[in-house]
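Subject: Structure handover

Hello,

Here is the structure I said I would pass on, with my notes below it. Please look at the model first and then read on.

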Amino acid sequence: MFMIDEYVNASKCQYRDALDVIEEFEKEMLEMNGKCIDIGCGPGDVTKRLILPKLSPEAELVGADILKSMVDHARQKYRDEKRLSFFQLDIEAVDLPNDQLGQYTNALSFYCLHWCHNTWRAFDNIYKLLRPGGKALIMFLAWNDGFDAYTKVYENPRFKPYIPPEDADRFVPFFHRCKDSRAALRKMLDAIGFEILHCSRREKSFVYQNVQILKSHIIAVNPFISRIPDHLKEEFEDVIVHEITSRKISFPNKKANGQQEYSILDRYHILVAYLRKPEGRVSEQD
């Protein structure tokens, strides 16, 4: 996730799924005004192109991401947009900045929270960022068998010295392990104090035209590529791609020039939640 250009070029699936949810909740988003935050904004493309146009014309949108490189990229690319700004924020922080507590009328997040090791804290922090009565529209990955492939690769003796077990485990989402991820999410949100306006788990699919496109996506989002020494990097990438494609559905797809290639069908689950922070609640640090 540290390679910005690669991430942008390989994020068509994420962009499409975000667009689907945004169009589904178009009416609710048009009613979002005041100060809004997009959590896990990455390079800012979804923030600027998909979210901002759907909000009330009076709304101000702030993009937040844990990576300084992403924030710097978004600030530079969208510096002329008056209703849009970006800042660095760790949504899993034990202590949020005091000047951010209760500052937002709405929070949005697309394809971010599955990267959080402590998902409960992430949602609790979203609760703290919202004003009383504020709403949140959240979508993130619940299950993908690619995470099982990652786990197997990380146990490979050739790569294990560069990936501590606790780090490998950190990037397998909590809900990936849940038998009923929707029920687990509802229980978590209830415990935090949210009013649940909508909560669903959905099966999705995406077709990668060929293995090379899938490989580009895998490399762009894999958090450990940068840790692997140069002499093992190509092998590491090939092993990951093999493990992931072996769990997917491959089918022949002839190129325009008649050459044979294989497309990859990826099936996965997402969770979608539309939430409200009850009136009369004040956000405080624990």
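How are α7 and α11 oriented to each other? Keep in mind that this is a predicted model. The axes of α7 and helix α11, which spans residues 230-245, come within 9 Å and cross at roughly 140°. Angles over 145 degrees would count as roughly antiparallel, and those from 65 to 115 as roughly perpendicular. The two helices, α7 and α11, are therefore oblique to each other. The crossing in which α7 passes α11 is right-handed.

Other helix pairs

Two packed helices are described by the angle between their axes and the distance between the axes. Helix α11 also packs with α10, at an angle of about 115° and with the axes 10 Å apart. α10 and α11 are therefore roughly perpendicular to each other. Here too there is a right-handed crossing, with α10 passing α11.

Another pair is made up of helix α6 (residues 119-129) and helix α9 (residues 181-192), whose axes come within 10 Å and cross at roughly 45°. That angle makes α6 oblique to α9. The crossing of these two, α6 and α9, is right-handed.

The cavity

How many cavities of 30 Å³ or more are there? The count comes to 1. The volume of the largest cavity is about 340 Å³. Its lining has 21 residues, and the closest to the centre are Leu-141, Asn-144, Phe-147, His-217 and Val-221.

Several elements each supply at least two residues of this lining: α2 (12-24), β5 (130-144), α7 (146-154), α10 (211-221) and β8 (260-276). Which of them gives the largest share? That is α10, with 4 residues. By residue type, the lining of the largest cavity divides into 14 nonpolar, 5 polar and 2 charged.

About 180 Å³ of space lies in the second largest pocket. Which residues line the second largest pocket? They are Asn-9, Ala-10, Lys-12, Cys-13, Phe-206, Val-207, Tyr-208, Gln-209, Ile-213, Ser-216 and His-217. In this lining, 6 residues are nonpolar, 4 are polar and 1 is charged.

At least two residues of the pocket lining come from each of α2, β6 (195-208) and α10.

The record

UniProt lists residues 37-135 as "domain: Methyltransferase type", in an unreviewed entry. Over residues 37-135 the chain is 28% helix and 27% strand.

Regards

Terms used: Residues numbered from 1 in each chain as written. Predicted model: local features only at pLDDT ≥ 70, side-chain atom pairs only at ≥ 80, totals over all residues. Heavy atoms only, no water. UniProt positions renumbered as here; feature names shortened; annotations may be inferred. 1 Å grid on protein atoms, 1.4 Å probe; cavity = no way out; pocket = protein on both sides within 12 Å on 5 of 7 lines; lining within 4 Å. Points joined across faces, edges and corners; volume = space filled by probe spheres on them. Nonpolar A, V, L, I, M, F, W, Y, C, P; charged D, E, K, R; others polar. Axes fitted to C-alpha atoms, helices over the stretch in contact; angles between N-to-C directions. Parallel < 35°, antiparallel > 145°, perpendicular 65-115°, else oblique. Left-handed = near helix turned anticlockwise from the far one by under 90°.
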